[in-house]
Amino acid sequence: MAATAESVQKPDFQANRKHFIFTDEHEQLRESIRNFALKELAPHAEEWEETTFPDSVFRRMGELGFLGLDKPEAYGGQGGDYYTSLVLAEEITNANSGGLAMGVAVQTDMAMPPILAFGTEEQKRQWAEPAIKGQKILCLGITEPDAGSDVSGIKTRAVRDGEDYVINGSKTYITNGHRADVIVLVTKTDPDAGYDGFTLFLVPMDAPGVIREKKLEKLGMHASDTALLAFQDVRVPDSAVLGQVGKGFYHIMWELQGERLIGAAGCVAGAQKCFDRTLQYAHERKAFGREIGKFQVIRHKFAEMATKIESARQMVYVTAWRFNNGEYPVREISMAKLHAARIACEVADECIQIHGGAGYMREYGVERVWRDMRLNRIGAGTDEIMLDVIGRSYGL
Amino acid sequence: MAPTPPFTDEHEQLRASARGFIERELTPHAQQWEEEQWFPDEVFGKLAGQGLLGLKYPTEYGGQGGDYLHEAVLIEELARIGSGGTAAGIGAHVNIATPPIWKFGTEEQKQRYLAPAIRGEKIGALGITEPEAGSDVAALRTRAERTDGGWMVNGEKTYITNGLRAHFIVTAVKTTAEGGHHGISFLIIDRGEGVSSSKLHKLGWHASDTATISFEDVFVGDENLLGGLHEGFALIMANFQWERLAMALGAVGAMQIAWERTVAFARERRAFGRSLSGHQAIGHKLVDLATSAYTCRCVTYDALRRFVAGEEPVREVTMAKLLTQRACFELMDACLQIHGGAGYMREYWVERAARDARLGPIGGGSDEIMREILARSYGF
């Protein structure tokens, strides 16, 4: 620690300060995902808000190996560590499309992990392998019209019938629900068994009785397709059970941990991107004879936002470090998710404020970030559910 | 769970032993020291006996030969005294008064001041702030005029922690008539003729002796010039980073202990037929506080890790300071609220903790100064 007069008075804020969890390889990966997102995705972001993003995005990302970064090589993945998945979640924000990032995350970090963790060899070959290639699209069905965060209220039933199961019920707010080839479906197989009465199924979306009811219109995330689905006497064989019969609730609780952490990473990266863009605006925009960023109230807004973003980033990274080391830090993941989602919404709102009238206009893209970000305090478990989870971890 | 980086099991062992010592030897006296508005000088001797005043200092001066991470453990644990003023007095000695001597001092100065400071025999203070110059150090007025064999010092320093008891004051003085930042030097001034202190009364930090110190024609020999002539600003800036990190660590420690105590209270206290914590509004408030404490810990530890690695992470340290000081005060206020009427009473610890925490967003560079530094780092 040699402090010199020069270095303490002129600190280098631009120094490349890689976090300790990342290696040079991660940085190279970061670079290549960023370039891909900027070149091949971002130019279409505006258009995809109207049309939703095309399925070809999955195929292209599959070709590039981005859908299987941390997945086993045996199924076509890259065999990387958990941090590679984190890098994807961060860099995909360069697509400038929250909806696209969410659609991809459902594929890589929500629907696929349970298949790889609990699936049979045959299921992995049938669904995970082509999903990693981007040739099959996955979705995950938990929420129902009458059961959201309270998973125990799920009503979709799977009833044994000879060698098969017959499924009836409905699922809603299903991302990728219209385009998906298969759904990881949470059902109730034993209504009297409480938390031990749930079972996961892999249901092909072209199975007779699977009805894609409607595309749901949303506040934000317009580039993603969100479905209301109905299941009417859908008959699937025994081999469609994913994991253990009766263990579906626990399988899904495990899945949610990865989903929340990845979601938190996306919040941090999205907030940072919005910050960077607003920073540039504040340098360019003039008022009362100077850059608006030179006004102290605006300068201090940036200082506050940067501090918030950094706080969430550090939570995500240190929690990811635990996760990658094989710890199962449910409390810390819940905290990171809660905090990151909150600050992302606050940052997006402050960025609109700094943009003034322009911030309210669609052409600047900040209002879209604001709309997209708002989902993070609801999806994958609301703020209030996070508070409950964390509270329970302390015995409260 | 594994210790959070940059800490290792070795640090956790130190933590356990420091905590044990503090809870046994210091915490039981906190209430009394607060009321007396003074903790005894022997506290320094006791800490020295455990090696706790020299954790990061080299063994040749009687230190433990550890590094900033060992020191960081102590700073966090000092919060367990439950007296911000006592922690502040110890912290002023260990974290702000002695580091400049260690880093910028001559061998002779280190033998004369650092070694006895590590033994707890000499107590130090750092004197920068003046009645007319706080965060704006370019406005300092205390003058050191050249005289035969040394300097003649005149001026006044204020808000000086350990200002009554300190045996030596590491003092920022103007050594040129003009020059703003560039005309500042540091002198180590022994308490003696011409040095007088008067105690200040404060909102919190009652156990610490905070004073205004006047220098009237105080002669300081050449051998007590610390660091280069007119290079004092660099010394100030260098230590700011550690001082601010230390404040962040102190807040992390204080938040942890306050949270633990408040949860215990909320579990025990009953209202409307159940425990306070069983009410969702209180349960969720406690969880928000835990999340805030964890956030502060993550940010602070990252800045600490970078600091120890020599990255000079001014931006990260500034963020940690800004975030933690306000979060700590907000947490204390929320803990006070959860305690209800009891929280307002002096017999509980929490009103004191809230008062003590209020200094955080002011001391060591105010929140407003932190935001200025950060804004500058983004080119504004």
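Guide: What follows is a close look at one helix pair in chain B. This is a predicted model: local features need pLDDT of at least 70, side-chain atom pairs count only at pLDDT 80 or more, and totals for chains, interfaces and linings use all residues. Residues are numbered from 1 along each chain as its sequence is written, while chains are lettered from A and ligands numbered from 1 in the order in which they are written.

The pair is helix 9 (residues 280-308) and helix 10 (residues 314-339) of chain B. Helices here are DSSP runs of H or I with at least four residues, numbered from the N terminus. The two pack at an angle of about 155°, and their axes lie 9 Å apart. Helix 9 of chain B is therefore roughly antiparallel to helix 10 of chain B (angles over 145 degrees count as such). Axes are lines fitted to C-alpha atoms over the stretch in contact, with angles from 0 to 180 degrees between N-to-C directions. The crossing of helix 9 and helix 10 of chain B is left-handed: the near helix is turned anticlockwise from the far one by less than a right angle.

Now the residues. Helix 9 of chain B brings, among them, B:Leu289, B:Cys296, B:Val299 and B:Phe307. Helix 10 of chain B answers with residues including B:Val317, B:Leu323, B:Leu331 and B:Ile338. Contact means C-beta atoms, placed from the backbone, within 7 Å. The residues of this contact divide into 15 nonpolar, three polar and four charged. Ala, Val, Leu, Ile, Met, Phe, Trp, Tyr, Cys and Pro count as nonpolar, Asp, Glu, Lys and Arg as charged, and the others, Gly among them, as polar. B:Lys285, B:Asp302 and B:Arg306 in helix 9 of chain B are among the residues that meet helix 10 of chain B.

Terms used. Angles under 35 degrees count as roughly parallel, over 145 as roughly antiparallel, 65 to 115 as roughly perpendicular and the rest as oblique. Two residues are in contact if their C-beta atoms, placed from the backbone, lie within 7 Å.
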